[in-house]
Amino acid sequence: MNTAITHLNKSKKKPLLVSLDHSFMNYSESVDSEKEEKIKWLYAQIRNLNLLDRGIMFLFLEGKSYEEIGQITGISTSNVGTRMSRIKQKLKSEATPKPTKLWN
């Protein structure tokens, strides 16, 4: 019993080594390209926003708080929150496919 417990304790301390095969590395590349496409789409949608909303979104993406964004842009913190909510809603609506009409 003690031998089994000692073996378990020793095996917990050793790092688990896993070999990486080429299929895993190819999967990682496809995920990265998928992520890049999403980022390109996001920036394209941000470019379509008006100047103030675009600035707010870029500041948000830089990690600025609503208070900091308000100080930089000269608008109130609550207005920043309202604008961010509207921007996010607009981006979500652009991301979802539009329903097609079945009848004329």
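Student: What share of the contacts in the protein with a separation of 6 or more comes from residues 24 or more positions apart?

Tutor: In this predicted model, such residues account for 43% of those contacts.

Student: Which pattern does the protein follow along the sequence?

Tutor: The pattern is α-α-α-α-α, with 5 helices and 0 strands in the protein.

Student: Why is the pair R83 and D53 called a salt bridge?

Tutor: The N to O distance between their side chains is 2.8 Å. The cut-off is 4 Å between a side-chain nitrogen of Lys or Arg and a carboxyl oxygen of Asp or Glu, so the pair qualifies. A search of the whole structure finds 1 salt bridge.

Student: What makes this pair a link between separate parts of the sequence?

Tutor: R83 belongs to helix α5 (residues 77–95), while D53 belongs to helix α3 (residues 51–61); the pair therefore ties together parts that are 30 residues apart in sequence.

Student: Is D53 to be called buried or exposed, and why?

Tutor: The relative accessibility of D53 is 13%. Buried means under 20%, so D53 counts as buried.

Student: Why is R83 called partly exposed?

Tutor: R83 has a relative accessible area of 25%. That value lies between the limits of 20% and 50%, and therefore R83 is partly exposed.

Student: How much of the protein is buried, and what is its accessible surface?

Tutor: Of the 104 residues in the protein, 14% are buried. The accessible surface is about 9,100 Å², and carbon and sulfur atoms hold 57% of it.

Terms used
Residues numbered from 1 in each chain as written. Predicted model: local features only at pLDDT ≥ 70, side-chain atom pairs only at ≥ 80, totals over all residues. Heavy atoms only, no water. Helix = DSSP H or I, 4+ residues; strand = E, 2+ residues; numbered from the N terminus. Buried < 20%, exposed > 50% of the residue type's maximum accessible area, 1.4 Å probe, protein only. Contact = heavy atoms within 4.5 Å. Areas by Shrake-Rupley, 256 points an atom, 1.4 Å probe, with all protein chains shown as cover.
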